[in-house]
Amino acid sequence: MRSAACIIVFLLLIQPQILAHLCNDVFMQAKDNLAVKVDIRDGQLRIGKEAEFRVYLLNTMDREIASIYLEVLTEHFIPTVTPSPSWASYPSLQTKDKGGKKEYFTVKLQRKENLPDGQYEIKLRLIDAPKKNSKVFKTLDLNEASGVGVIPATTSVVIDGKAEREEWQDGFLCQDFYTYEQENVGARKNFLTNQPAQEKTRFRLLCDDKNLYCLISFSDAADPAKQDSTTIYLAHDMDDKPATITIDRHSLAVACSQPMTGIIAKATESKKMIECQIPFSALGLLKDTGQEQTDVMQFLLNFTRNLTINGQKKVLYWQGNDLSFLDPVIYGCFVKE
């Protein structure tokens, strides 16, 4: 069954409290600068007697978070929350801008006695202090957020620069790109926040047994005066260094961060769409067992678009921002259909 959204369980799904006082700037910045991701390997939390998963955090604010705690809200399980043993500054969360890195909590859930099988609501809440009047950074419904984006299988895609509608209409859609800019008005003035990009960009994803297929669509016409390229980032897990594939919109030249073969990119005549084929083997997602290739098909993806207009560089992000786009903790998690 397909997930309706990439689980990037990236919690910009639920708005934090918006507080007006300067001392609470950290809560206002949390919306766009506190990335939260739940690491449940197959997208489904199944609890026998007990289950365990991680909740990752990454701070890209202009300051550290002095203290942050995780609460698990459930009536049906006994939760235990433990910060990572490598989280040296706990309970503070250092900003990546000053050398901070992603940290995580380990959550263990023990099933209460005589609890029947079923689906149960579990909420995660990030707060500033373990007390009743604590302030909330973010709240997440675990059942809604712990899915994985499923890339539909296809047998009909041909990379020929024609981009027929019937080829791509079922592709998994990644859109809503944004720029990371300084807010000019309101309570969050002078903070770096996510702003919807004027240049609309979409990625549609399909796959077969051997290849990942990508259709890149642009709302604006190709302008030879602009440097214009898109980059695909892929990682095997959240601790991986991502591989990158950059496609120039004008020349269709492909540049990779590591040796890759078999990548094909073709554009429509207007260059408003680019079709791309990327072999899974080039990404290290196929293993040769000696008799046949077997796939390791859960992986993480992100996308950016890079423009240079009148000498000014502009980056459009699907997930993340200037400080986090190379960290797989903010990527979307995908599997093959």
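Me: Does A163 count as buried or exposed?
Reply: Relative accessible area decides this: buried means under 20%, exposed over 50%, and partly exposed in between, using a 1.4 Å probe and protein chains only. A163 has 11% relative accessibility and so counts as buried. The model is predicted, so local features need pLDDT of at least 70 and side-chain atom pairs pLDDT 80 or more, while totals for chains, interfaces and linings use all residues. Residues are numbered from 1 along each chain as its sequence is written, and side-chain values use heavy atoms, without hydrogens and water.

Me: Where does A163 lie, and what is its phi?
Reply: A163 sits in the loop between β8 (149–151) and α3 (165–168). Such labels are DSSP runs numbered from the N terminus: helices are H or I with at least four residues, strands are E with at least two. Phi of A163 is near 50°, a positive value in a residue other than glycine.

Me: Is D176 buried or exposed?
Reply: D176 is exposed, at 61% relative accessible area. D176 belongs to the loop between β9 and β10. Phi of D176 is near 55°, again a positive value in a residue other than glycine.

Me: Which two residues does a cis peptide bond join?
Reply: Y90 and P91, with omega about 10°. P91 is in the loop between β4 (77–83) and β5 (103–111).

Me: Which residues have the most contacts inside the largest nonpolar core?
Reply: In soluble globular proteins, nonpolar side chains tend to be buried together. A nonpolar core is a set of buried Ala, Val, Leu, Ile, Met, Phe, Trp, Tyr and Cys residues joined through side-chain atoms within 4.5 Å. The largest one here has 35 residues, and L205, L301, F303 and F334 have the most contacts inside it. Among the elements giving two or more residues to this core are β12 (201–207), β13 (211–218), β14 (227–235) and β21 (299–309). A second, separate core has 31 residues, including I47, I65, W87 and L115.

Me: Which residues is L205 in contact with?
Reply: Contact means heavy atoms within 4.5 Å. Leaving aside neighbours within four places in sequence, the contacts of L205 include I151, P152, F172, Y213, L301, F303 and F334.

Me: In what order do the strands of the open sheet stand?
Reply: Strands of a sheet pair through backbone hydrogen bonds, either parallel or antiparallel. Here two strands pair if DSSP finds at least two bridges between them. The open sheet has four strands in the order β1-β2-β5-β4, with antiparallel pairing. β1 and β4 stand at the edges, each with a single partner strand, so one side of each has no neighbour in the sheet. From one strand to the next, the twist averages 20°. β4 and β5 pair in the antiparallel sense over seven bridges, and T82 stands opposite T106 in β5.

Me: Which strands of the sheet does α1 touch?
Reply: α1 packs on the sheet, touching β1 and β2, and its direction makes about 55° with that of β1. Axes are lines fitted to C-alpha atoms, for helices over the stretch in contact, and angles between N-to-C directions run from 0 to 180 degrees.

Me: How many of the nine residues of α1 are buried?
Reply: Eight, so that helix α1 (residues 25–33) is mostly covered. Those buried include D25, F27, M28 and N33. The buried residues of α1 pack against β1 (34–39), β2 (50–59), β7 (136–141), β10 (178–182) and β11 (192–196).
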